[in-house]
Amino acid sequence: LLLQAAARRYAVRVLANDVLLDLRLLRDGHVFIKFSQGDGRPHDRLVQLQMGPPTLKWSKPLGRAPEGSGIVGIPLTEMKSVSGSLNFSLLRKIVDSIKGFEGKESGMKGHFALRTKCCFTVNGPKRALDVQAPSEAVKDDWVSAIKLMVAYVKLGSLSSHAERVKLEEALEARRFVRQALKNRQKQRKQKKQSIFMSFAPKRFT
């Protein structure tokens, strides 16, 4: 029994450490381009996870308070889905409203082009959050991190074996994304080094 209890505590600690990585990521937040549900207009918004209870909220950058209070935002326990794409009904509105947009905080300036591969949607019972990330890597990172945190929060605890198995399944998908992002970053670095070496002066023999 002592060995089983020790093994259980170790398993819970390993799972909790993985979850903490994404908790830090989401609490630190990131500036995305948020599209208005009403007319598709884009705005720079700082999106971050706030605790007590865990809720995904968005606010104007530059340290201002989150928009509104109370029901504004999407509690993780109420999230219905997290999708790596935009709601189709918004696309036409967005195309008409993005002309001339310049994102000061997001860094997406000049002629704005809608990049659907960098967009994702978080759906709640009363509202949805439709945003565009600065890159596909950031989008993939956030989508999988939010999915993991939603799975963890909805479990409530890790006291039973069944709960730990469910979280482990969610973590397996998250670890796959983390590794894919690391591989993608490594490939980009190798490509840059290869380009640099191709322009480097060759020694004469």
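Let me start with terms: two strands count as paired if DSSP finds at least two bridges between them, and the strands themselves are DSSP runs of E with at least two residues, numbered from the N terminus. What you see here is a predicted model, in which local features need a pLDDT of at least 70 and side-chain atom pairs count only at pLDDT 80 or more, while totals for chains, interfaces and linings use all residues. Residues are numbered from 1 along each chain as its sequence is written, and side-chain values use heavy atoms, with hydrogens and water left out.

On to the next pairing: β2 and strand β3, residues 55-59, are antiparallel over five bridges, and V47 stands opposite W58 in β3. Their hairpin has four residues between the strands, and G52 takes a positive phi near 75° there.

How many of the nine residues of β2 are buried? Seven are, so strand β2, residues 42-50, is mostly covered, where buried means under 20% relative accessible area, with a 1.4 Å probe and protein chains only.

Finally, the cysteines: a search of the whole structure finds zero disulfides, a disulfide being a pair of cysteine sulfur atoms within 2.5 Å. C118 is in none, as the nearest cysteine sulfur, that of C119, is 6.8 Å away. C118 is buried, with a relative accessible area of 6%, and C119 is buried as well, at 0%.

Definitions and conventions:
Buried means under 20% relative accessible area, exposed over 50%, partly exposed in between (1.4 Å probe, protein chains only).
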